Amino acid sequence: MALILLHSPKGGVGTTTLAANLALMLASRGRDVVAADFSPQDSLKLHFGFRPDQTLASASRSDEAQVVAGVRVLGCNRPEDLADPVAAIRPWLGEGSMVIADIAAGGGETFRALLPSAALHLCALTTDAASLAVLPQLAAGRSFIAATTAQNSLFVLNQVDERRRLGRDAAKFLRRLVGDRLIGVIRRDEAVNEALAMMEPLSKFAPTSAAAADFIRFGDTIRELPALRPPVARNGADDAAIRA
Ligand SMILES: Nc1ncnc2c1ncn2[C@@H]1O[C@H](COP(=O)(O)OP(=O)(O)O)[C@@H](O)[C@H]1O
Ligand SMILES: [Mg+2]
């Protein structure tokens, strides 16, 4: 299994949007994916076409879990789930499946509880000053994301508008700061909001949009990371090739 934590010290940057679209993209590439909503905002489901008044199945009712476009969507934001986040997803931490956990900006305890089980964690940021102003907190380890110097701690820049100088400069600045650990840049695209309003996944509502293209690139980068590649099945032919 591979657990990926999506988080940010800043709310409203697109953590939930990234979690949903990453899950959908990985499922479209044939991976067995679980999307787990640990945020009290309860908005992950909207990206999969659920209505606001629909309740997602929790892990304890896993046989009822709803599957959308190959993603099993789980509600893990009840008080008992948040009290023991690992237990909330334990049935899904099986071999081969990828669990994408959407963690709220205030979800420090959830993040810390899941961290030891995580293959990697992705910190979402935007190009606005208020978002980038949290970077010194990360660097000083004052944020709950004290592990951000670790190699499995990666960054995604969302809502980038390359027509604006701040958008271009912020991307350049962040790349200089974290180097290859900036593994995704997603453009600001009204199609993201429109898809949400139409209660459809972005890849279905606007498959040719700029953000959909960015999510495909982002997902392909993620699935190629050594920590997430599925184990290669060894067989006789492989052994013969190795011997040759
Ligand atoms: N790339 C994007 N382009 C345009 N709007 C976006 C983009 N990413 C997110 N949004 C919008 O920003 C708002 C906040 O996104 P959300 O994923 O809920 O943030 P968070 O989980 O960090 O609070 C939503 O209205 C969402 O539609
Ligand atoms: Mg959110």
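View 1. The structure, a predicted model, holds 10 salt bridges. Here, a salt bridge is a side-chain nitrogen of Lys or Arg within 4 Å of a carboxyl oxygen of Asp or Glu. One of them pairs D42 with K45, and their closest N and O atoms are 3.0 Å apart. How exposed are the partners? D42 has a relative accessible area of 27%, so it counts as partly exposed, while K45 is down at 2% and counts as buried. (Buried means under 20% relative accessible area, exposed means over 50%, and partly exposed is in between, using a 1.4 Å probe and protein chains only.) The areas themselves come from the Shrake-Rupley method with a 1.4 Å probe, and for residues only the protein chains shown count as cover.

A quick note on reading these views: residues are numbered from 1 along each chain as its sequence is written, and chains are lettered from A and ligands numbered from 1 in the order in which they are written. Because the model is predicted, local features need pLDDT of at least 70 and side-chain atom pairs count only at pLDDT 80 or more, while totals for chains, interfaces and linings use all residues; side-chain values use heavy atoms, with hydrogens and water left out.

**View 2. D53 meets R51.** This salt bridge brings the closest N and O atoms of D53 and R51 to 3.1 Å apart. D53 is exposed, at 60% relative accessibility. R51 is partly exposed, with a relative accessible area of 43%.

View 3. D214 and R217 form a salt bridge, with 3.5 Å between the closest N and O atoms. Why do these two sit about one helical turn apart? They are three residues apart in helix α10, which covers residues 210-223. (Helices, H or I with at least four residues, and strands, E with at least two, are DSSP runs numbered from the N terminus.) D214 is buried, with a relative accessible area of 3%, but R217 is exposed at 52%. Salt bridges that share partners also link R29, D220 and R223 into one network.

**View 4. A patch of positive charge.** R165, R168, K172 and R176 gather in a patch of positive charge on the surface. K172 belongs to helix α7, residues 165-178, and is exposed, with a relative accessible area of 53%. What makes a patch? Its residues have over 30% relative accessible area and no salt bridge, with like charges joined within 9 Å and nonpolar side chains (Val, Leu, Ile, Met, Phe, Trp, Tyr) within 5 Å. The place of a charge is taken as NZ of Lys, CZ of Arg, CG of Asp or CD of Glu.

**View 5. R181, a buried charge without a salt bridge.** R181 lies in the loop between α7 and β8 (182-187). Which side chain of opposite charge is nearest to this buried residue? That is D180, 9.6 Å away. A polar atom of the R181 side chain does lie 2.9 Å from the backbone oxygen of S153.

View 6. Most residues other than glycine have a negative phi. A69 is not a glycine, yet has a positive phi of about 50 degrees. A69 sits in the loop between β3 (66-68) and β4 (71-75) and is exposed, at 56% relative accessible area. M199, also not a glycine, has a positive phi of about 55 degrees. Look for M199 in the loop between α8 (190-197) and α9 (202-205), where M199 is partly exposed at 35%.

View 7. A23, in helix α1, is buried at 0% relative accessibility. The C-alpha atoms of A23 and I100 are separated by 6.5 Å, though the two residues are 77 apart along the chain. V13 is in the loop between β1 (2-7) and α1 (15-28) and is buried at 2%. Finally, W92 is in the loop between α3 (85-89) and β5 (97-102) and is buried at 14%. W92 and A2 are 90 residues apart in sequence and 10.0 Å apart in space, C-alpha to C-alpha.

How values were computed
Lys and Arg count as positive and Asp and Glu as negative; His and the chain ends are not counted. A polar contact is a pair of N or O atoms within 3.5 Å; within protein, one must be able to donate a hydrogen and the other to accept it, and residues adjacent in sequence count only if both atoms are side-chain atoms.
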